[in-house]
Amino acid sequence: MKFSKYIVAGCVALMGVATSCVGDLDLKPNDPNIKLELTTVAEWDGYLARLYGNLYRDDIISTSDGGAGTFTRTHFNLNEIVADECFISEAWNDPGYQPLNKNQWSSDNEWIYAAFAREFFIAKMGGEFMANMLSNGAAFFDEAEVKARVAEASALRGLAYYMMIDLFGRGPWVDASSVTGAIPPTYDRKQLFDAITAELEEYVPQLKPAAEQAYGRVSREAGYMLLAKLYLNAEVYTGTAMYDKCAAALKNVVNTGIQLAPTYKYLFCATNDKYVGNGEILWAVPQEQGRMDAWGGTTYLTCGAWFASAGEEILKKLNYKDAWGGLRLRPELSRALKGDNRRLIFEGTFQEDIPTLGGNDATSCGYMLIKYSNSPEDDYDNEAGNNNNNVAMSNTDYPLFRLADAYLMLAECQMRGVECDGLRYLNLVRKRAGMPAMQAITADELLKERQCELYLEGHRRSDLIRFGKYTGSSYNWSWKNGEYTGASLPEYRALFPIPMQYTGTIGQNPGY
């Protein structure tokens with residue numbers, strides 16, 4: 001069975017423990033009749049799994065379309081559509097996409113609201129779980145298990161705060177000591193960074209190592225990867241570079257013996273769960289047809305990226321049911337991948353350049369993404385025609401963090417002056433891709449390598465910012481700041497606005 005009994009049972013069950021409306025910052029339950037006392041191990045399992053469910057469910061947050069409130073979909077949009085890798089065809093005409101395509105968003109954008117609201121809800125619920133487990137968990141679990149579960153909740157909070165720091169630069173701080181009924185304090189970017197890294201440094205060592213952790217749950221290696229991501233961007237977030245701390249955290253990942261998968265494309269197909277946890281995919285958001293259906297995650301990156309006008313031949317290989325005709329590729333990504341084995345792009349009769357952002361026929365602008373497939377590894381091209389293509393939902397897990405990224409981060413740490421054997425790790429990634437070894441690490445080549453390895457995995461915007469290529473005009477891409485040939489982007493656009501639903505409490509970022 002692809003999915004563990006623990007996670008399936010827990011994610012299906014909605015534990016109503018101390019949840020509140022995400023439109024405000026009050027830490028209070030919204031129903032006095034909700035059961036607030038857990039009396040069985042199964043209920044505790046459901047409570048923990050509900051935390052994980054926040055990564056793929058679209059409940060709690062009110063949006064205009066199914067799936068729009070999922071963590072994976074909102075954060076993909078704010079990291080990829082706003083950069084040089086993809087856009088959403090304006091033939092969709094869904095709220096909020098056109099401003100993201102052209103870097104012209106405002107504080108009433110639905111995707112910006114959904115991302116911030118989901119982050120706050122995950123952080124708040126994780127803090128509540130930690131407090132409850134620390135107070136009452138000993139009656140159900142031994143000391144080691146209590147610590148491990150508290151650490152898992154901390155990692156989930158850490159992921160939410162990492163995104164809040166990266167995207168918004170400020171937000172409400174809630175933790176296990178937050179008082180019910182109180183409005184949490186607003187922290188600036190550095191305060192959030194200091195608070196969550198201190199918490200993670202305490203709890204990540206208490207996570208179970210990948211070799212012992214259940215599928216779908218965060219491991220110690222994944223926790224260190226999260227810490228490394230924060231430290232990689234510390235200079236952007238705090239003004240102080242922390243590449244030495246980044247490299248130290250990464251060593252706790254790469255020294256465990258986890259290996260790169262043999263074949264790149266299989267990391268993004270319907271049986272990629274074999275690489276999750278104690279494999280290259282350090283942390284994934286699981287999806288499984290009929291058990292963990294989601295209109296976000298890889299359903300969005302398969303059905304959402306496929307076009308009926310591409311033709312039955314290519315769509316059959318992908319094991320498709322629906323082709324929504326939305327997500328399209330910008331030419332900058334297509335050109336970066338020319339001659340690279342990782343180029344999982346279908347050209348057909350589509351146009352590479354994108355003078356217009358609409359249309360969904362076979363000659364419209366923007367190539368089609370086929371990186372995410374719903375076929376299994378052992379019949380990747382669906383040659384037998386026996387794969388289950390009667391279900392629109394994806395069976396492919398969404399990779400949050402991969403070992404290949406850890407290798408490229410070590411290369412960046414070396415480029416920034418840390419002795420960590422980064423060039424060797426960089427060339428291991430290139431070797432798998434069939435690319436020649438590099439003799440030295442330069443910023444431009446490393447940024448390109450990160451794009452070729454990690455495209456459409458939710459990292460591009462923060463990479464461009466860290467390398468000084470996002471705002472300003474030193475690097476332009478198609479439709480940057482609303483112009484076809486690209487235009488200078490104001491510095492304040494390096495952060496998103498605080499959604500208008502929260503500005504009364506949290507304030508607003510400069511420029512908005």
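1. A search of the whole structure turns up 35 salt bridges, where a salt bridge is a side-chain nitrogen of Lys or Arg within 4 Å of a carboxyl oxygen of Asp or Glu. Please keep in mind that this is a predicted model, in which local features need pLDDT of at least 70 and side-chain atom pairs count only at pLDDT 80 or more, while totals for chains, interfaces and linings use all residues. Residues are numbered from 1 along each chain as its sequence is written, and side-chain values use heavy atoms, with hydrogens and water left out.

2. Start with D405 and K229, whose side chains meet in a salt bridge at 2.7 Å, N to O. D405 sits in helix 14 (residues 403-415) and K229 in helix 8 (residues 220-232), so this pair ties together parts 176 residues apart in sequence. Helices (H or I, at least four residues) and strands (E, at least two) are DSSP runs, numbered from the N terminus. Both D405 and K229 are buried, a word that means under 20% relative accessible area, with exposed over 50% and partly exposed in between (1.4 Å probe, protein chains only).

3. Next, have a look at E457 and R402, which form a salt bridge at 2.8 Å, N to O. The pair links distant parts of the chain, 55 residues apart: E457 is in the loop between helix 16 and helix 17, and R402 is in strand 8 (residues 398-402). E457 is buried at a relative accessible area of 3%, and R402 is buried at 1%.

4. E453 and R432 also form a salt bridge, with their closest N and O atoms 2.9 Å apart. Since E453 belongs to helix 16 and R432 to helix 15 (residues 422-432), the pair ties together parts that are 21 residues apart in sequence. E453 is buried, with a relative accessible area of 1%, and R432 counts as buried at 17%. Through shared partners, salt bridges join E280, D340, R342, K371, R402, R430, R432, E449, E453 and E457 into one network.

5. Just after helix 15, G434 takes a positive phi of about 75 degrees.

6. Which residues line the second largest pocket? They are D84, E332, A336, D444, L447, K448, Q451, R460, L464, K469 and Y475. Helix 13 (331-336), helix 16 (443-454) and helix 17 (460-466) are the elements that give two or more residues to this lining, and helix 16 supplies the largest share, 4 residues. The lining divides into 4 nonpolar, 1 polar and 6 charged residues. On a 1 Å grid over the protein atoms alone, a pocket is an open set of points where a 1.4 Å probe fits, with protein on both sides within 12 Å along at least five of seven lines; lining residues have an atom within 4 Å of a point.

7. How many disulfides does a search of the whole structure find? The count is 0, taking a disulfide as a pair of cysteine sulfur atoms within 2.5 Å. For C269, the nearest cysteine sulfur, that of C303, is 16 Å away. C269 counts as buried at 0% relative accessibility. The sulfur of C365 is 16 Å from the closest cysteine sulfur, in C86, too far for a bond, and C365 is buried at 5%.

Key: Nonpolar A, V, L, I, M, F, W, Y, C, P; charged D, E, K, R; others polar.
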